[in-house]
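Me: Please take a close look at a single part of this structure and describe it in one connected account. Give the cut-offs behind each term as you go.

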Amino acid sequence: MNPALIVENVCLSFGGVQALDGVSIEFPKEQIIGIIGPNGAGKTTLLNVVCGIAPPTSGQVYLDGITLTDKKPNNIAALGIRRTFQTSQLFPSMSVLENMMTGLHMMSGAGLFGSIFRTRKMRTEEEEMRQKALEALDYVGFADFADRPGNALSFGQQRIIEIARTLIFEPKVVLLDEPAVGLSVTRVAELESLLKKIRDERGVTLIMIEHVIRLVMGVSDRIIVLSSGRKIAEGTPEEVRNNPEVIEAYLGHQKHA
């Protein structure tokens, strides 16, 4: 296995609460890895550690051999890790295209002077950014949504737009925090197809927290199971599905929910 991302013995505590307790995981390149576990298991905290929002108390995170734990979130993003969140990050009064272009100015080489005085270089780069945003929308099947305001989209549609926005930056790894929230059964099936398409065509490693078990089992190459801040299982969907500790800690609770 050739890992894109390595989490090595990561611990994180908040005021005496051990949110992560010695978690070690290798995330293979060009695979979809599902992370499951009951509420409070440490799933979102793990993503926060990876993208630099919550520096670990101890342990290391590496991307292609580069240490991430001493870097700020914007530097980690620049190295190739992008993130979606549980709640929508779209600006409601801006169009979908404008939302897609948010943050692209940070990639501009025109500089502050170019941004203020609208130099030819800045205008050229802005048009290139616009095309990148349109291409990403088209890739996820949302090209017709470009001129719609953010608040005209359903919550499920906004989740797809946020996935599209990560693709503009040509990431190595995308962290997805409950991407199926608000999606109908049909839309969940479409999301499964989209995630496989991103993995297969773009070679992106997708790390996904999700409570929709049918999506996790259907799309994941490997599944990590967390409980009380610890990794209790790892394997293929079939291996995880039949793991007695997993059934007790998580899947069993789902059956009785």
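**Helix 7, side by side**

Reply: On the face of helix 7 turned away from its buried side sit the exposed residues Thr186, Asp200 and Glu201, where exposed means over 50% relative accessible area, buried under 20%, and partly exposed in between, computed with a 1.4 Å probe on protein chains only. The model is a predicted one, in which local features need pLDDT of at least 70 and side-chain atom pairs count only at pLDDT 80 or more, while totals for chains, interfaces and linings use all residues. Residues are numbered from 1 along each chain as its sequence is written, and side-chain values use heavy atoms, with hydrogens and water left out.

Helices (H or I, at least four residues) and strands (E, at least two) are DSSP runs numbered from the N terminus. Helix 7 takes in 18 residues, 185-202, which at 1.5 Å a residue should span 26 Å, and the 25 Å between its end C-alpha atoms agrees with this; the expected span is 1.5 Å times one less than the number of residues.

The buried residues of helix 7 are Val188, Leu191, Glu192, Leu194, Leu195, Ile198 and Arg199. They lie on the same side of helix 7 because they cover an arc of only 165 degrees around the axis, the arc being that of the directions from the helix axis to the C-beta atoms.

What covers these buried residues, by contact (heavy atoms within 4.5 Å), includes strand 3 (32-36), strand 7 (173-177) and strand 8 (205-209), together with helix 5 (120-139), helix 6 (155-167) and helix 8 (213-219). Just after helix 7, Gly203 adopts a positive phi of about 65 degrees.
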